[in-house]
Amino acid sequence: MVGASATAAFAAVPSTAGAAPAGTDKPVLARVSLTVNGQRHDLELDTRTSLLDAAREHLHLTGSKKGCDHGQCGACTMIVDGRRINSCLTLAVMHQGSEITTIEGLGQPENLHPMQAAFIKHDGYQCGYCTPGQICSGVAVLAEIKAGIPSHVTADLNAPMQVTDAEIRERMSGNICRCGAYSNIVEAMTEVSGRPA
């Protein structure tokens, strides 16, 4: 019976006779103006280009990494209009007029962002592949807590938001570190939040 069902389903698929051979379709291009790390960039991109690929391949900002390309690891995290996003899951054309910050925009070796300095101090990385995404998320997470945005573990929605290990761990759970530097990442974020590490 399975064979008959499969045959019927196959027969229902429209014929591709006369269609253009695969791979000969021309991409649809669009002009996009992106403000990345405070600098405006005018690009012509395939409308299917992710924000991650636009940054890496067109702007040569390679700090954000392509880990899973499915939004599951957080290695591609960027800050867009003050919120952290998985840049592999969003199209560049969707961010016309947005303020985009990548790891390169947070700080430079001679002028580190406090989160970058804390990651170094607390050894919040090992191989370093996920570190740019972890740091961008860390900065945005502390801003979320400061703004009073609750998480799944927030106990009292009416009380002032507190930076706790539980809040940090819950909010950072979308950023995977295969080396397991999680406790050091929490220590770094705790220091930057102003609490003693």
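Which helices do the buried residues of α7 pack against? In this predicted model, they pack against α4 (114-121), α5 (131-146) and α6 (165-171).

## Helix α7

Helix α7 covers residues 182-193, twelve residues in total. At 1.5 Å a residue, α7 should span 16 Å. The expected span is 1.5 Å times one less than the number of residues. The end C-alpha atoms of α7 are 16 Å apart, so the model agrees with that expectation.

Five residues of α7 are listed as buried: I185, V186, A188, M189 and T190. G194 follows the helix. The phi of G194 is positive, near 105 degrees.

## The sheet

Five strands form an open sheet. Their order is β2-β1-β5-β3-β4, and the pairing is mixed. The edges are β2 (39-46) and β4 (83-86), each of which pairs on one side only. From one strand to the next, the twist averages 40 degrees.

Strands of a sheet pair through backbone hydrogen bonds, either parallel or antiparallel. Strands β3 (residues 77-80) and β5 (residues 99-101) run antiparallel. Two bridges join them. V80 has I100 in β5 as its bridge partner.

## Helices across the sheet

Helix α2 (residues 51-58) lies across β1 (29-36), β2, β3, β4 and β5. Its direction is at about 100 degrees to β3.

Helix α5 lies across β3, β4 and β5. It runs at about 40 degrees to β3. Helix α5 also packs against the buried residues of α7.

Definitions and conventions
Residues are numbered from 1 along each chain as its sequence is written. This is a predicted model: local features need pLDDT of at least 70, side-chain atom pairs count only at pLDDT 80 or more; totals for chains, interfaces and linings use all residues. Side-chain values use heavy atoms; hydrogens and water are left out. Helices (H or I, at least four residues) and strands (E, at least two) are DSSP runs, numbered from the N terminus. Buried means under 20% relative accessible area, exposed over 50%, partly exposed in between (1.4 Å probe, protein chains only). Contact means heavy atoms within 4.5 Å. Two strands pair if DSSP finds at least two bridges between them. Axes are lines fitted to C-alpha atoms, for helices over the stretch in contact, and angles run from 0 to 180 degrees between N-to-C directions.
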